[in-house]
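Here are my notes on the model, as numbered points. Please read them with the structure open.

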Amino acid sequence: TISGCGGVVETTDVSLYIPEPRYLTGKEQKDICRIAVLSSSKQLNINPSDSRCYISNQVIQESSSVPGSYEVSGSAVLNFDAYIPKEYIDKKKVNSVAAAASAFAADFVVADAIQITEAPSSSPTGEPTISPQPTSSPTPGPTESPAIEIPDQCLSILDGIRVVSSSSSSSKNFYGLDIGSGIASAGNFFFDSGSWVVLGTGVDIWGNSDSFHYMYMPTTGDITISMFVSSFTANHPWAKAGPMIRASLSPSSAHYSAFVLGSGSFTNQYRQCDGCTSVNDQTGVISLSSVWLRTKKTGNVLESFYKGISDAEWIPFGGTATIDYGESFYIGIAVTSHSSTTELASACGTSFETTSSLCSNAITESGCISSSLCQWGTITEKCYDSSKLPQEDASEIMPSIFSAGSTVETFNCADTDETEIYAIDGMTDSFTCIKSKNGDPGLIISPSH
């Protein structure tokens with residue numbers, strides 16, 4: 001079976017307003033389908049290669065609801081692999097995918113487009129209501145912000161990301177959440193093998209409470225986050241994107257962050273306790289189109305660093321803060337558009353790395369288990385980096401009367417070889433007994449429990 005062919009076919013409507021009578025270009029159709037395929041793979045927990053998309057039946061007509069504009073409508077056709085069961089394809093989720101693709105297209109892909117979320121009904125739903133007489137002086141109309149376009153490097157990263165389910169190793173424990181009030185459009189994130197794209201709205205990350213989209217995971221101990229920001233596009237100079245270490249998912253939570261700004265510069269901001277006033281340190285030091293950012297937590301001490309593409313060493317900047325995070329906390333990427341409008345800010349990069357410098361014996365079992373970077377040794381009862389779990393802890397535990405602390409004595413053995421080779425349960429010594437002339441040999445085992 002050809003990948004993306006021969007299975008369930010779902011068709012949903014896509015409609016946009018544009019300022020001129022024209023069809024969607026090939027690139028615009030491709031970008032809309034690219035987002036639809038990535039979104040459907042995430043919604044349905046399948047691989048992007050399991051589906052194909054194309055735009056068909058484009059129709060252009062003059063808009064009656066938006067004077068001077070034209071409505072271009074068509075069908076987004078998603079064709080899934082034959083091996084995916086029909087009942088696995090949720091029609092409602094596919095429709096929401098098409099709506100999301102249309103929304104992204106309105107914001108990012110089609111120049112000056114406005115999303116149409118639902119076609120008007122052909123007949124009124126009830127009796128008309130009478131509005132009050134207008135005031136003599138009309139209030140000013142809303143000011144329009146320019147549409148945000150996802151830059152080419154973000155589209156390229158988005159195209160290359162293989163969106164996988166949360167059970168896979170590459171996206172393990174990553175989640176997405178809109179935090180706070182004033183979220184005009186739902187944010188989203190895509191992540192795989194270090195490459196990332198995060199889209200979000202939100203009023204701001206500032207003051208006593210925040211409003212933003214957060215790609216995050218729970219963790220514990222000492223940690224360093226290093227990430228490369230390839231591009232950040234937003235309409236407001238104080239829009240923000242960057243690594244965040246956050247105490248909780250509450251809007252007023254303490255956090256420590258390093259942000260690139262919509263102005264093209266970057267800054268260090270933090271809140272040292274829940275509900276406290278935010279602090280801004282060292283803004284506008286340098287303007288970089290692409291930059292490496294790092295936040296580091298050692299105990300309760302937080303620091304931030306940056307470096308340019310050609311820099312070999314990390315350069316400290318911002319302020320050193322002291323924050324009590326407790327046993328566990330959250331790390332990830334925060335994005336806010338610094339706006340109450342529906343226009344999403346977009347950030348992307350090709351590297352997101354975390355380094356845990358303390359998965360030590362001092363960490364409790366619950367704290368170790370809650371960390372995505374550490375693993376608890378059930379036999380040694382210690383906390384280890386996930387890649388450094390000892391063999392006895394990594395082996396499958398099997399029930400045995402040869403438990404730790406047991407004593408073993410031999411009898412009627414002319415010679416006993418107590419080797420250092422362990423049995424399959426990882427704890428049991430292997431005994432070799434050479435039979436003596438005094439009778440049948442054996443072992444006397446005294447279990448510890």
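**Notes on a strand pair and the cores**

1. I223 stands opposite K297 in strand β16. Keep in mind that this is a predicted model.

2. The pairing goes beyond that one position. Strand β10 (residues 223-229) and strand β16 (residues 291-298) run antiparallel, and seven bridges join them.

3. Strand β10 is mostly covered: seven of its seven residues are buried. In a regular strand, side chains alternate between the two faces of the sheet. Both faces of β10 are covered. I223, I225, M227 and V229 are buried on one side, and T224, S226 and F228 on the other.

4. Look at K297 itself. What is the nearest side chain of opposite charge? That is D222, 4.1 Å away. A salt bridge requires a distance within 4 Å, so K297, although buried, has no salt bridge.

5. K297 does have a polar partner to inspect. A polar atom of its side chain lies 3.2 Å from the backbone oxygen of G221. Not counting residues up to four places away in sequence, K297 touches G221, D222, I223, I245, L302, Y325 and F329.

6. Now the nonpolar cores. The largest has 37 residues. Within that core, W196, F232, V260, L293 and F352 touch the most other members. A second, separate core has 20 residues, including V8, L44, L78 and I84.

7. Leaving aside neighbours within four places in sequence, V260 is in contact with V229, F232, A239, K240, A241, S265, F266, V291 and L293.

How values were computed. Residues are numbered from 1 along each chain as its sequence is written. This is a predicted model: local features need pLDDT of at least 70, side-chain atom pairs count only at pLDDT 80 or more; totals for chains, interfaces and linings use all residues. Side-chain values use heavy atoms; hydrogens and water are left out. A nonpolar core is a set of buried Ala, Val, Leu, Ile, Met, Phe, Trp, Tyr and Cys residues joined through side-chain atoms within 4.5 Å. Buried means under 20% relative accessible area, exposed over 50%, partly exposed in between (1.4 Å probe, protein chains only). Contact means heavy atoms within 4.5 Å. Helices (H or I, at least four residues) and strands (E, at least two) are DSSP runs, numbered from the N terminus. Two strands pair if DSSP finds at least two bridges between them. Lys and Arg count as positive and Asp and Glu as negative; His and the chain ends are not counted. A polar contact is a pair of N or O atoms within 3.5 Å; within protein, one must be able to donate a hydrogen and the other to accept it, and residues adjacent in sequence count only if both atoms are side-chain atoms.
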